[in-house]
Amino acid sequence: MPTLSDLAVRHTALNEADIEWMHSLVSDWQLLADLSFADLILWIPLRDASGWIAIAQMRPTTGPTVYHDDIVGVTVSKGERPLIDTAWDERRICREGDPDWSSGVPVREETIPVRRADHFLGVIQRSTNLSSARTPSRLELTYLQSASDLAQMVAEGRFPFSGAEPILVRSPRVGDGLLRLDRAGRVTYASPNALSAYRRLGLNADLVGAELGRTTAALCYSDEPINENLMIVASGREPRETEVESGGTVVQLRAIPLVVGGGRIGALVLIRDVTELRRRERELMTKDATIREIHHRVKNNLQTVAALLRLQARRLRVPEGREALEEAVRRVGSIAIVHETLSHTPEEQVDFDDIADRVIAMTGEVAAPEAKVTPRRVGTFGVLPSEVATPLAMVLTELLQNAVQHGFANRPGRLQVIVSRGDERLRVVVSDDGRGLPEGFDPESTTSLGLQIVRTLVVGELAGRLAIDPRPGGGTEVTLDIPLPAA
Ligand SMILES: Nc1ncnc2c1ncn2[C@@H]1O[C@H](COP(=O)(O)OP(=O)(O)OP(=O)(O)O)[C@@H](O)[C@H]1O
Ligand SMILES: [Mg+2]
C-alpha cells in the first residue's frame with residue numbers, strides 16, 4: 001500500500017512543505033471525522049490537472065462508515081465529482097442539498113478546500129452516513145457545530161496548527177470526553193465522559209458555566225502556585241496538552257482553539273482519564289529500576305569474589321596455582337562487566353561494543369609490557385540481549401587470552417576482533433598472527449579448561465558454531481557464528 005508521501009510525490013505537484021502540511025492534517029483529522037460523524041477523503045489535484053487522487057482516508061469512531069473499501073490511491077476525472085471541483089474552483093465549503101443514494105444508503109456529501117498559507121492544496125470530501133441519524137441531541141449538535149468550525153479553519157489555513165509540538169503519546173479523542181469553551185474560557189458544553197472525569201477529579205458543582213482554568217486549578221493545585229501551562233490549556237488559548245492529577249485521578253487535557261473568520265470564538269478541550277495507564281507505567285518503571293539495582297548488586301558481588309581470588313593468588317607460592325587463580329579473576333571480571341553495563345540500561349539489552357572494548361582493553365593490560373600487543377576491534381556488535389552478551393563476553397575473554405598467552409608468547413603481534421552482524425546472525429573472528437597452533441593440535445579433543453568453556457558457551461548456550469583454524473599467512477583464527485534471537 002503506497003504511503004501518502006509516495007502518492008503525493010508520484011502523482012501530484014505538492015512540494016515538500018505541502019506534503020508536510022498534509023501529514024500534520026492527517027495526523028489530527030480524526031477529530032474532524034469524529035465530530036462530524038463522517039468519513040473523510042483527502043483529494044489532491046493530479047499533476048496534469050485532469051482529475052483528483054485520494055491520498056488519505058479516515059473513518060469516524062463515533063458513527064457508521066460510508067466506505068467499507070479503501071479509497072486511497074483511487075483517481076477520479078474532473079467533472080466526475082462536481083462537488084470536489086466546485087470547492088476547489090470557488091475556494092469555499094460546498095454542501096449538496098439532497099442525500100446521495102448511489103451507494104445504497106443515504107449519504108450527505110460536503111467538500112472543504114484545504115489551504116496552507118496563501119494557496120490551496122486539495123479538497124477534503126466529508127461523507128455522512130445518514131441511515132442511523134436520529135433527532136440530534138445536545139451532544140450531537142455541539143459536535144456538528146464544532147466540526148463546522150474546524151472545517152472552516154481547514155479552509156482558512158488555520159488547522160492543523162503549524163509549529164505545534166508533535167504529539168508523542170496518543171492524545172485524547174472526541175469519545176474520551178469533550179468540552180466546548182466560549183471565548184472567555186467558560187464551559188458551554190460538557191460531554192458525559194468529560195463530566196465524569198471532572199467528578200473523579202473531585203468536582204461537585206456543575207461544569208457548564210464554570211471557568212475551566214480556575215475550576216481545574218482549584219481542584220488540582222489547591223495549595224501550590226498555579227501551573228502556568230494548565231491555565232493556558234484550560235483557557236483554550238493555545239493548541240497544547242497538559243496533564244492534571246487530583247485525588248489519585250490523572251486526566252489529560254488537550255486544547256484546540258477555534259479561530260474562525262479572523263477571530264478566536266472559543267475552544268474545544270478533549271479530556272481523557274489516564275489514571276490506569278499512568279499506574280501501569282509507574283509499575284513498569286519500578287520493575288525496571290529493581291532489575292537495574294539487582295544487576296548492580298550482582299556486579300558488586302562478582303567484584304568481591306574477584307578480589308578474594310586475587311588475594312588468595314598473591315599468597316600462593318606455586319606459580320601455576322597463582323596463574324590459575326589470576327585467570328579465574330579475569331573470568332569473573334568479564335561477567336561483572338556485562339552486569340555493570342546492564343545496571344545502566346532500562347532494558348535487558350546492552351551495547352556490546354562497549355563491553356567488547358573493555359574486555360579487549362583488559363587483555364591488552366594482561367599482555368606482558370614488552371609484548372606490545374594492541375588488540376583492536378573491527379566492525380560493530382551493536383545492541384545484544386543480555387542472554388547473548390554474558391556468554392559472549394566470557395568467550396571473547398578466553399580467546400583473547402589464548403592469543404596473548406600462546407600465540408604471541410610475549411612477542412609483539414597483531415590481534416583483531418572482526419565483527420560482522422547480519423539480521424539473524426553474528427559472526428566474530430578473533431585473529432592473531434602469532435606462532436600458530438601446536439603441531440597435531442585437535443581443538444575437538446582438547447581437555448584444557450579455556451577452550452572447553454568456549455565450546456560449552458558457543459555451542460551449548462548460544463546454539464552457535466565454532467571453528468579454530470590456522471590463519472592464512474600464519475597465526476590462528478577462531479570463528480564464531482551465532483544466531484541472534486528475533487528482536
Ligand atoms: N591463539 C592461539 N595460538 C596458539 N595456540 C593456541 C591459541 N589458542 C589456543 N591455543 C592452544 O590450545 C591450547 C588449549 O587452549 P585452552 O584455552 O583450552 O587452554 P589453556 O589456554 O592452555 O589454559 P586455560 O584453561 O588457562 O585457558 C593451548 O594450550 C594452546 O596450545
Ligand atoms: Mg586459554
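Before the ligand, I needed a cut-off: I count a polar contact when two N or O atoms lie within 3.5 Å of each other. I also reminded myself that this is a predicted model.

**Entry: ligand 1, polar contacts.** With that cut-off in hand, I checked T476, and an N or O atom in its side chain is 3.3 Å from a nitrogen atom of ligand 1. Next I looked at the backbone. A polar backbone atom of G450 is 2.9 Å from an oxygen atom of ligand 1. For L451, I found a polar backbone atom 2.7 Å from an oxygen atom of the ligand. I then asked how much of ligand 1 the protein covers. On its own the ligand has 600 Å² of accessible area, and the protein covers 81% of that.

Entry: Which pocket does ligand 1 sit in? I found it in the second largest pocket. I counted 18 residues around ligand 1, and the ones that come nearest are E327, N402, H406, S448 and L451. I moved on to an open sheet and wrote down its strand order, β3-β2-β1-β6-β5-β4, with antiparallel pairing. Its edge strands are β3 (75-77) and β4 (94-95), each pairing on one side only. I then picked out β1 (residues 39-45) and β6 (residues 119-129), which pair in the antiparallel sense over five bridges. Which residue in β6 is the bridge partner of L42? I looked it up, and it is I124.

**Entry: the β9-β10 hairpin.** Last stop was a hairpin formed by β9 and β10, with two residues between them. G247 is in the turn, and I noted its positive phi of about 55 degrees. The strands run antiparallel, and six bridges join β9 to β10 (residues 249-260). I traced one bridge from S246 to its partner in β10, T249.

I also looked at the two faces of β9 (residues 241-246). Side chains in a regular strand alternate between the two faces of the sheet. In β9, T242, V244 and S246 make up the covered face, while E241, E243 and E245 make up the uncovered one. I noted S246 for two things: its place on the covered face and its bridge to T249.

How values were computed. Residues are numbered from 1 along each chain as its sequence is written. Chains are lettered from A and ligands numbered from 1 in the order in which they are written. This is a predicted model: local features need pLDDT of at least 70, side-chain atom pairs count only at pLDDT 80 or more; totals for chains, interfaces and linings use all residues. Side-chain values use heavy atoms; hydrogens and water are left out. Buried means under 20% relative accessible area, exposed over 50%, partly exposed in between (1.4 Å probe, protein chains only). Helices (H or I, at least four residues) and strands (E, at least two) are DSSP runs, numbered from the N terminus. Two strands pair if DSSP finds at least two bridges between them. A residue is near a molecule or strand if one of its heavy atoms lies within 4 Å of it. A polar contact is a pair of N or O atoms within 3.5 Å; within protein, one must be able to donate a hydrogen and the other to accept it, and residues adjacent in sequence count only if both atoms are side-chain atoms. Accessible areas come from the Shrake-Rupley method with a 1.4 Å probe; for residues, only the protein chains shown count as cover. On a 1 Å grid over the protein atoms alone, a cavity is a set of points where a 1.4 Å probe fits but cannot get out, and a pocket is an open set with protein on both sides within 12 Å along at least five of seven lines; lining residues have an atom within 4 Å of a point. A molecule sits in a cavity or pocket if more than half of its atoms lie within 2 Å of its grid points.
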